[in-house]
Each structure stands twice: as structure tokens, then as C-alpha cells.
Amino acid sequence: MTRTFLARNPSVLIFLLILSLFTLGVTVLSEAYGVAFLSTSFIKTLGKTLCLCLAALAMDLIWGYAGILSLGHMAFFALGGYMIGMWLMYARTEGIVITALSNEALPATAQEIQNGIAAQIFGVVGASELPPVWLFAHSLPLQLMLVVLVPGLLALIFGWLAFRSRVTGVYLSILTQAMTLALALYLFQNDSGLRGNNGLSGLQNIPGLDGVSQDRVSVWFLWASAAALGLGYLLVAWVVSGKFGSVIRAIRDDEARVRFLGYSVEGYKLFVFTLTAIIAAIAGALYYPQAGIINPAELAPIASIYLAVWVAIGGRGRLYGAVIGAAFVSLLSSWFTGGRAPSINLGFYTINWVDWWLILLGLSFVGVTLFAPKGIGGLVDLWQGLRSPDRKGADLGPGDGALLEKEAKK
């Protein structure tokens, strides 16, 4: 009898149960629906952390399972934020302009409203017209489609050009980093159509919810972020559990052999690259309304490096490891850089953790790489009593060749 997917993968069910209990617990402790133990700002931090966990999940699929170290996935994350941010800013500004023009003697025309919106949004960069990229900003359904289509199309084109040229390893990582840097430099320009260095702001003010307090909105976004993480985890676990997952792991371990066996290596890579870009974009679309602002600095290559560090510390090649790493490091970062960590006075020098956090993070990454390559997720293996198999001398092929004999002597 064929067992269901969840029956074959109990860890997925355990993760979803823990995520549900966590969301319920935060809701009960919130100001809006519970005992007001947790502040609204902290609930927003938790909601943003869940979004970062979803982005880390995408990074683990592309790096931990497919073996492609992408240093550009936070660009897709930011693009998702820009797409939803355009609607948020347009709709909020539209309400302000209509209210202001309602005091005029004559009813405002559609063109006057459009001009007022453009002046309000782009006056800061010396423009008075809406750029073509804002063509669909008035429509929430269309902008939600662009959250998926724009990053997905960019990943598809970039991946097709890179993979068909068989760029691999560190060269591919450099290319993804160059793509991110080029996109960030373009968005820093005022004529990019996205307000240059000013970015998009006021995104926490959700149109149509002016009468709803931020404590309720923060919990709603926490629910949405938790749902997205749960569905994303379920999707990625399903992808890596079947034949497709076996093939991408084989590509990671020995790409030439997989190509020799007749598999379309480039097709598998392109699918994973595009899928993970879309997942990261959805995470960004949920993150930035909680952050309230997005600007081109969010696309800086260092952000994608942070994403790789989170996955490495959590344990790449383990979906729960990616989630644990992102949650652990991002919350710890908020604590250290938010001034909550007490400074240590050594007499001759005072350690301010705001200044030392990046150094501490870098040392942690080096330490994990050298001494605990399985990351925090490896602790789960220890708890379950799992050990890496000793393959030396094992029958790795159909015959007893010289390679096996040499390996047995190691």
C-alpha cells in the first residue's frame, strides 16, 4: 500500500506542527488577541524572521540540494518587495490626493488625480510623471502577479544564459553577485522609476486598513508569513523527496555523470533556480510591508552572503537546518544590533556589540565550516543517533575495479 507524502516524511509534519504552535503561542501573547506580553514591534520582528526563514529555505534548495551557491537571491527577495511596495505606495497616495482634491470647487478629473499621485510620489526625485514601470501599480491583483513574474523572468533569463554556457562553481557565484550589484546600482539612479536612493516608504500603512491598529495588522502579517513558510516548506520537501530530488542531489555530487546518464542537467538547474527565485520574491513581498521601507541598499551583495551564512550555520542540505539558521542568526542579530545586548567594560576597552556583531558572525561562519559542517541541524542527527555512513571499501559500482581497491586501502 502506497503511503502518503506526510507519512513518508514525518519531519515535515513535525515542522508544520511546531510552526502552528509557535504562531498560536505568539497570537495568545500579543497585544491584539492575547495577554499583551509581546510588544507589537517584537511581533513584527518575528513576522519578518519567518519571511527570512522562507528565503533561507529557497537558498537551501538551490545550494544545499542542487549545489549552486547563488549570491543573488536576496535581489529576488527585494524585487518582490518592490513589486508589492509600488501598489502600497500608490494606493495610499491616491487616498491622500483624492481627499485633498475633494475640497476643490469642481470634482477632480482622473488625469488630475493621476498628476497629483505622480507629484506626491516622485517630487522627491524631481519628476512629476509616473514612469512606465508603474503602469499596473493601481491594481493589487496585477502587482501580485508581478511579484512572481518579474523575479521569475529575471531568474529564467539569467539562468538560461548561465547554465547553457555551463558556468559552474565559483564563477557562477561571481556572476550572480555581479547581477545583484548591477541591479542595485541601476535602482540607485533617480531615473530608474523606483525613486532611486529614497526607495519606497510608508509600506506599513496598508490601504483600506486605516482604522485597524498596528497591533492587529502585525499579527495578521505574522499569520500570513507563517502560512507562506509552512506552504513553502511543504513544497520544497515534496520537490526534494522524489525522483527530482535525487537527480538534483546527483547533479550536486557529480554533474558530469548525471549528464552522461542522459539527464538534462541545465533544465533541472534552471527549474530550481527559477523556483527558488519566486519563493524568495514571495518572502520579500511579505517582509517589506512589515519593515515599512525598501531601498536599493536591500539588494547589496552582502545581503545574499548573509543568506548563505544563515544556511551554512543552520546546516545546508537540511530544510529544517535552513529555517533554524535563519531564525537563530536573524533574531540574534536584532538583539545585538538593536542595542539590547549589554556592553562589556574591560577597563581598557568597552565592547559594544553593535560594532562587533559582524565580526562575531564571520567567526561563527568560519567555525561552523571548519568544526561543524552540518551546522546546528547536525544536533538533530546526534539526537536521533544518526551517523554518516563509512563508505570506504564499500561496493560503489557494478564491479570490483581498481578504484574500489584503492579506496579500501585508504
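Reply: With 410 residues, the protein would have a radius of gyration near 22 Å if it were a compact globule, and its value of 24 Å agrees with this; the radius is taken over C-alpha atoms, and the globule rule is 2.2 Å times the number of residues to the power 0.38. The model is predicted, so local features need pLDDT of at least 70 and side-chain atom pairs count only at pLDDT 80 or more, while totals for chains, interfaces and linings use all residues. Residues are numbered from 1 along each chain as its sequence is written, and side-chain values use heavy atoms, with hydrogens and water left out.

Along its principal axes the C-alpha trace spans about 95 × 60 × 55 Å. The protein has 16 helices and four strands, taken as DSSP runs numbered from the N terminus (helices: H or I, at least four residues; strands: E, at least two). Of the 410 residues, 45% count as buried, where buried means under 20% relative accessible area, exposed over 50% and partly exposed in between, with a 1.4 Å probe and protein chains only. Among contacts (heavy atoms within 4.5 Å) between residues at least 6 apart in sequence, 74% join residues at least 24 apart.

At the start of H6, a side-chain oxygen of Ser139 comes to within 3.4 Å of the backbone nitrogen of Leu142. At Leu146 the helix bends by about 30 degrees, the bend being the angle between axes fitted to the seven residues ending there and the seven starting there. Just after H6, Arg166 takes a positive phi of about 60 degrees.

As to the cysteines, the count of disulfides (pairs of cysteine sulfur atoms within 2.5 Å) comes to zero. Cys51 is in no disulfide, and the nearest cysteine sulfur, that of Cys53, lies 9.0 Å away. Cys53 is likewise in no disulfide, its nearest cysteine sulfur being that of Cys51. Cys51 counts as buried because its relative accessibility is 2%, and Cys53 counts as buried at 2%.

Conventions: Polar contact = N/O pair within 3.5 Å; in protein donor to acceptor, adjacent residues only side chain to side chain.
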